[in-house]
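Here is a short report on how two protein chains meet. Look over the sequence and the model before reading on.

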Amino acid sequence: MDSQGQTTSLQRLENVEKRIVKVLELAGGVMDELASPVGPRKDLVQNHCLEFMQLIKDIQVALRDEIKSACEYRPFEKCDYGPRIANEICFKKVEYVMSQLEAMKQTIDEHNAAA
Amino acid sequence: LSLDKLPIKRLDSIEENGNERFPLDVDYDEKRVSLIRRIDFAWAIWQWQGMVENLQLAHQELSVIIDFINTVETNDAVTVASMTRPKSLPNEALSDLAVSAATKLQCYRQVGKYFKQSAKAFEQQVAREARFYGALIRLQQNWKVKRQRGNEGFTFDLFDNSYDQGRSSSMSTVRVNHDAAGMLAINVSPELCHSLQFGFVSETGIESSSDEECVKKTHSLLRDVHQAIFNEQVFDLVNREAFNTSTGFTLTGIRENYLQLSLGQGTSVYLSLVSTGQSNSTCYEIYIQQIYHEHIFGRGSEKGSYLLSHFFMSLAHRIFSTKILAELENVVFKVPYLQLISNPTWHSRGSSWTLFMEVPPSILRGKRQFWTKVVVIDDCISVKAEGSPNVSGLFKGKSEDTHSINKYDCNLADLPVIILQQVASQIINWLYHEALMVGIKANRDFLCLSFELEQGETLGLVANVDPKDSDGCISWSLVMEDSEVQKLHTNRKFLGPLSLELLYATLIDLIAFVS
């Protein structure tokens, strides 16, 4: 089971999907074993079924948790588009200042080179 | 007595080839039995008759059943309550079981194959969607994502209700698409993204290599669109203001997305919306964006109708400051012992500079730095300088306590002269102070330091300022005068511009001469 602190919600859901794939593969494996002409190997089928049930349980637990926490998630409650523009303006200021400093540095270098 | 049978046999038949056939040797008893048997046919007749009777009975029963079935089919009198299969013979049961077992195995195999194929297909789809939703969730940290009704589509919503909806931008909604590999992509035409450009008019111009880069590129495009929407708003507000007010500027030209204004005194400017990529930000664009940003997003302290005036007054001040700075630099360049320092005012319509003079150290520790300050607000220049020392406050405290402050308002043309005069006066004050410290009595005028000689003559050091002098703007002369009253004879020796060390040496010489 993934701990909630280490993974994001999206990662946990992706793990659920991976488990579903594994569940399908196990079901296919059990069917293949049952279709075997010499008859199924009991221990193999048993292991597959145990793993199947464990995975189903994990999937259910994970989905339950995600559904609960999804209800608490409200995207963009506070819109930051205004401060974002302010940030872009600051970025342009920094760029401008840097270009001025570059020009100053160039002047100094030229001066030192000439001296 | 016993009789042996003669070995004579009766001949049965003779064949053509001469072979003799004799009848079989049959016992007399056997003969009798066989004769008896030949006679008795009763049991055979009984079996045959039994079979015939059985068949007739069976025929009768079948007729009854058929009639019965016909009656039931028509549903008149009776319906079927239950039916049981006749018990199957063992071999029938076994073959049925074998067939159903084989069918079941085949079904299992097919189901197994179906599960495995589904697992593979699902795995591929999950991988594709993981890339798409991974990118979407990262972009959602910065941009509003809306889900379309009905179909599966998403859009990025850049709409901002702080904006005026006059120029409601069709750019506000950006559709989220998939590229060929199922990854997130947006379709934004760069020509539609506008930047603000400000300039002076001259009088007398995917496929992306990684998911990380895809997200970064999409984010960058969304930033461009977001800024473009803002720039359109700013342009519209400036447009509106330019038509409604006329303080400080005149509207001289209009084209689509282009405004031209005259600020007077031969300065014309333009503001236009151009495709991003053509413009390099200048500080004026940034400043316009900043002041309108505060207005749009609601600090709202200044009314909209004064923003443009404020901007152009700031622009005018900046142009004026550049001229002042040129004058100050010119003065400082020519006078080696002057230093120029800019003081930040953090105000767009105010500038300030300080000129420092540092005098050489003397034997007794005295004040060493003298300042002259130039402050410009809009187009008003004021000069502040340390003046003559207060008598009571020497050797103590800050310069405001020990020195008076001279204050002047002036215009650009007079600025160099006034500054040079202040500096020269500060030198005189310093020399005067030095003389006092060694106990020599001297007299001080604004630009002259004089000593009394025995016969009522005065020997003086006089400063002369000329901003246009290329050798050095402050030059010195030694003046000898006969008497204070008459000043009939004046000998003047021109010394030229002197360094502070030389001036100090000259002072020492004068002191030695006088005492």
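How many salt bridges does the rule find across the interface of chain B and chain A? The count is 2. Keep in mind that this is a predicted model.

**The two cross-chain salt bridges**

Glu88(A) pairs with Arg223(B) through their side chains. Lys116(B) pairs with Asp32(A). Lys116(B) sits in helix α3 of chain B and Asp32(A) in helix α1 (residues 9–34) of chain A, so this pair joins two chains. Over all chains, the structure holds 11 salt bridges.

| Residue in chain A | Residue in chain B | N to O distance |
|---|---|---|
| Glu88(A) | Arg223(B) | 2.7 Å |
| Asp32(A) | Lys116(B) | 2.9 Å |

**The interface as a whole**

Chain B brings 40 residues into contact with 31 residues of chain A. About 3,200 Å² is buried between the two chains. Carbon and sulfur atoms give 67% of that area. Polar contacts are present too: the rule finds 10 residue pairs across the interface, both partners at pLDDT 80 or more.

Which helices of chain B supply at least two residues each to the side that touches chain A? They are α3 (90–140), α4 and α5 (283–296). Helix α3(B) gives the largest share, with 19 residues. By type, the side of chain B that touches chain A divides into 18 nonpolar, 13 polar and 9 charged residues.

Now take helix α3 (residues 81–114) of chain A and helix α4 (residues 211–244) of chain B. Their axes are 11 Å apart, and the packing angle is about 100°. An angle of 65 to 115 degrees counts as roughly perpendicular, so α3(A) is roughly perpendicular to α4(B).

Which residues meet here? From α3(A) come Tyr81(A), Arg84(A), Ile85(A), Glu88(A), Ile89(A), Phe91(A) and Lys92(A). From α4(B) come His219(B), Arg223(B), His226(B), Gln227(B) and Phe230(B). The residues of this contact divide into 5 nonpolar, 3 polar and 4 charged. Glu88(A) and Arg223(B) are both among the residues that meet, and their side chains form the 2.7 Å salt bridge listed in the table.

Notes:
Residues numbered from 1 in each chain as written. Chains lettered and ligands numbered in written order. Predicted model: local features only at pLDDT ≥ 70, side-chain atom pairs only at ≥ 80, totals over all residues. Heavy atoms only, no water. Axes fitted to C-alpha atoms, helices over the stretch in contact; angles between N-to-C directions. Helix = DSSP H or I, 4+ residues; strand = E, 2+ residues; numbered from the N terminus. Parallel < 35°, antiparallel > 145°, perpendicular 65-115°, else oblique. Contact = heavy atoms within 4.5 Å. Nonpolar A, V, L, I, M, F, W, Y, C, P; charged D, E, K, R; others polar. Buried area = accessible area lost by both parts, 1.4 Å probe. Salt bridge = Lys/Arg side-chain N within 4 Å of Asp/Glu carboxyl O. Polar contact = N/O pair within 3.5 Å; in protein donor to acceptor, adjacent residues only side chain to side chain.
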